[in-house]
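Open the structure in your viewer and keep the selection tool at hand. This tour tells you what to select at each stop and what is there.

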Amino acid sequence: MQLLNYMQLYVEVAKTKNFRKAAATLGMSSSTLSRNIAALEKEIGVRLLHRSTRRVELTDAGQAYFNRCQGIVEEANVAHEALRGDVARPSGTLRVSMPVDLAINYLAPLLAEFAVAYPLIDFELDAASRRVDLLAEPFDLAIRMGPAPTAPSTLVARQIALLERQLYAAPAYLDRAPPLDHPDDLIRHALCAAPGIRQDGWTLFKGAASVTVPVRARFLMNNVGLSRALAAEGAGIAILDDVIAREELASGRLLRVLPEWILAPIPVHAITDTRLLSARTRLFVDFLKARLLAA
C-alpha cells in the first residue's frame, strides 16, 4: 500500500513538473511531498527527477516509470471508488474548465440540475477562453468547442453536443447595408467573427448545395457574447446558434439572414487526460451528453 501511495504522489509531480502545484492538488506541503518522492527514489534505487530551484524534469527512467505508474494509479483509484460505493453515491470535488459563453448560455442550468441530483459533489469551475493543460493542471476535464484535439495523444475527447449555427443581424443594419440575397453577397458586408469561425472563408449549406465565401471579418474577437452584442447593436452580421441568439431574436433586436442557409454545426467535446474516469467525472460527462445531444 505504501508503494501505491508513493506512485500516486509521483504521478502528480510528474504530471505538473512542479512540487508546489502537485502538493496543492494532493493537500500536503511541498516539503512533505519532496520527502516522499525522495523515499520512493531510495526504495527503488533509481533517480526519477532532475530537481533545480526553477524546474523539475523527469529522467529517462522517471518518464518510463511515469508511463507505467499512471495507468496503475488510475486503475487503483477506480477500484477504490467502486469499493467505497462512490459509483452509487459519488462525492468529492469536480474540477472543470469550460468556455465562458458555453458556461453561461448552456452549462449553468445543467450544472445546477446535476448538483441537485448529486449533493455530495462540489465544483471548481474555470470559465475562460484559455485552453488549460490537462496534463499539468488539476482539472478532471475540459469542455471545448471545435474539433477534437489531436495532441497530445494521451488526451481523450468525447463528443457531448453539436451546436447548429446561422447568420444573424440587426434590422437597423440590414436597412442600411447592401442587399443580401445570396451567400456571395457577404463579401460586401461587415462581419463579426468569434471563436471557432474560419477567417479565410465561410461555408454555408442549403440542402446538398454549399457555397464558400471568401470573407474578411471587420470585427474579430474571442468571445461569442461580444459578437452577439455587436450584431444586436447593428455593427454587422454574426454567426450564432439559436440558444445564444434566443433573447435578441425574441425581442426583434436580431433577425435571421439568409434563413435557408446554415453553417456546419460546431462540435463540443469533453476532454480528459485518461479513459479511466472517476465516478463523478463519468456521471457528469454522461449527464451533459444526454442533455445536450437530446436538445
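Which residues of the largest nonpolar core touch the most other members? Select Leu107, Ile143, Ile160, Phe284 and Leu288: of the 36 residues in that core, these touch the most other members. A nonpolar core is a set of buried Ala, Val, Leu, Ile, Met, Phe, Trp, Tyr and Cys residues joined through side-chain atoms within 4.5 Å. Buried means under 20% relative accessible area, with exposed being over 50% and partly exposed in between (1.4 Å probe, protein chains only). Helix α5, residues 100–117, gives the most to this core, with 7 residues.

A note before going on: this is a predicted model, in which local features need pLDDT of at least 70 and side-chain atom pairs count only at pLDDT 80 or more, while totals for chains, interfaces and linings use all residues. Residues are numbered from 1 along each chain as its sequence is written, and side-chain values use heavy atoms, leaving out hydrogens and water.

Now show the whole chain. It has 9 helices and 13 strands; helices (H or I, at least four residues) and strands (E, at least two) are DSSP runs, numbered from the N terminus. Buried residues make up 44% of the 295 residues.

Next, select Leu288. Leaving aside neighbours within four places in sequence, Leu288 is in contact (heavy atoms within 4.5 Å) with Leu107, Leu110, Ile143, Ile160 and Leu293.

Then select α5 together with helix α9, residues 279–294. How do their axes cross? The axes come within 11 Å and cross at roughly 125 degrees. Axes here are lines fitted to C-alpha atoms, for helices over the stretch in contact, and angles run from 0 to 180 degrees between N-to-C directions. That angle makes α5 oblique to α9. Angles under 35 degrees count as roughly parallel, over 145 as roughly antiparallel, 65 to 115 as roughly perpendicular and the rest as oblique. Residues of α5 in this contact include Tyr106 and Phe114, and those of α9 include Arg280 and Phe287.

Move to Glu41, in helix α3 (residues 30–44). Is Glu41 buried or exposed? Glu41 is buried, at 12% relative accessible area. Beyond its sequence neighbours within four places, Glu41 is in contact with Val46, Arg47, Leu48, Leu49 and Arg51.

Last, select Pro99, in the loop between β3 (92–98) and α5. Pro99 counts as buried, at 15% relative accessibility. Leaving aside neighbours within four places in sequence, Pro99 is in contact with Ala128, Ile143, Arg144 and Met145.
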